[in-house]
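Please open the model in a viewer and keep the sequence panel at hand.

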Amino acid sequence: MVLLRHAKAERPTTAPDADRPLTARGHADAAAAGAWLGHGGYLPTVVVCSPAKRTRQTWHDVALGMAAPPIRPLGVPAGQTAPAGPSGDSDVPSVRYDQRIYHGHAADLLELVRATDPEASTLLLIGHNPTISELSTLLDPVHADPEGLRTSGIVIHRIAGEWTDVRAQAGPIVKWHTARG
């Protein structure tokens, strides 16, 4: 399971918070996050995203970054090739926007994880702080960053068993990264 905090957004104004767009740096960082995920083989089969503008834009740029021309993925030795990336409609992840990611708590996100399609191999959850970081801490309280995810922060949790069985302290962190474009 991949947790991603949205990329850098514009500062709050008089407009509604949910309408805040990404900054130019945010767009670049989100594309870099997508490239990192793609090159590392963390291609989602399901994406669950907050409906806020900055998270939707983050997902769009992550998707573009994952489709970037391949380089040797992380962890693949020189001279070896990694599995092929997305190549057709069957490889396009299903994407769902859920208001609970914007207004909810870590327990709400855990319920969204548990409701993931059982056929999904990799879930990408794109959200906001503090909730996305709280979910990471709920899954692995020992190794989660106490300061939380930074913008474009990615944390990979290993989930054993079925999505319906995901519970607190049962998703160890295996990798983390803060994407910068």
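In which loop is proline 130 found? Select this residue in the predicted model: proline 130 sits in the loop between β4 and α5. Asparagine 129 and proline 130 are joined by a cis peptide bond, with omega at about 10 degrees.

**The whole chain**

Next, display the protein chain as a cartoon. The chain has 5 helices and 6 strands. Followed along the sequence, these elements give the pattern β-α-β-α-β-α-α-β-α-β-β. Of the 181 residues in the chain, 45% count as buried.

**The nonpolar core**

Select Met1, Val113, Leu125, Leu135 and Trp163 and show their side chains. The largest nonpolar core has 22 residues, and these five touch the most other members. At least two residues of this core come from each of β2 (46-49), α4 (106-114), β4 (123-127) and α5 (131-139). The element that gives the most to this core is α4, with 4 residues.

Turn now to the charged side chains. Side chains of opposite charge can pair when their charged atoms come close. The count for this model comes to 8 salt bridges.

Select aspartate 29 and arginine 25. Their side chains meet in a salt bridge, at 3.0 Å from N to O. Both residues lie in helix α1 (residues 24-40), where they are 4 residues apart, about one turn of the helix. Is aspartate 29 buried or exposed? Aspartate 29 counts as buried because its relative accessibility is 2%, whereas arginine 25 is partly exposed at 41%.

With a relative accessibility of 41%, arginine 180 counts as partly exposed.

**Further salt bridges**

Move to arginine 100 and aspartate 98. These two residues form a salt bridge whose closest N and O atoms are 2.8 Å apart. Aspartate 98 counts as buried at 11% relative accessibility, while arginine 100 is partly exposed at 41%.

**Two positive phi angles**

Select serine 152, in the loop between α5 and β5. Its phi is near 60 degrees, a positive value in a residue other than glycine. Serine 152 is buried, with a relative accessible area of 1%.

Continue to glutamine 169, in the loop between β5 and β6. Glutamine 169 has a phi near 65 degrees, again a positive value in a residue other than glycine. The relative accessible area of glutamine 169 is 62%, so this residue is exposed.

Which residues form a negative surface patch? The patch is formed by Asp117, Glu119, Glu162 and Asp165. Of these, glutamate 162 may be selected by itself: its place is in the loop between β5 (153-157) and β6 (173-178). Glutamate 162 counts as partly exposed because its relative accessibility is 42%.

How values were computed
Residues are numbered from 1 along each chain as its sequence is written. This is a predicted model: local features need pLDDT of at least 70, side-chain atom pairs count only at pLDDT 80 or more; totals for chains, interfaces and linings use all residues. Side-chain values use heavy atoms; hydrogens and water are left out. Patches are made of residues with over 30% relative accessible area and no salt bridge: like charges are joined within 9 Å, nonpolar side chains (Val, Leu, Ile, Met, Phe, Trp, Tyr) within 5 Å. Accessible areas come from the Shrake-Rupley method with a 1.4 Å probe; for residues, only the protein chains shown count as cover. A salt bridge is a side-chain nitrogen of Lys or Arg within 4 Å of a carboxyl oxygen of Asp or Glu. Lys and Arg count as positive and Asp and Glu as negative; His and the chain ends are not counted. The place of a charge is taken as NZ of Lys, CZ of Arg, CG of Asp or CD of Glu. Buried means under 20% relative accessible area, exposed over 50%, partly exposed in between (1.4 Å probe, protein chains only). A nonpolar core is a set of buried Ala, Val, Leu, Ile, Met, Phe, Trp, Tyr and Cys residues joined through side-chain atoms within 4.5 Å.
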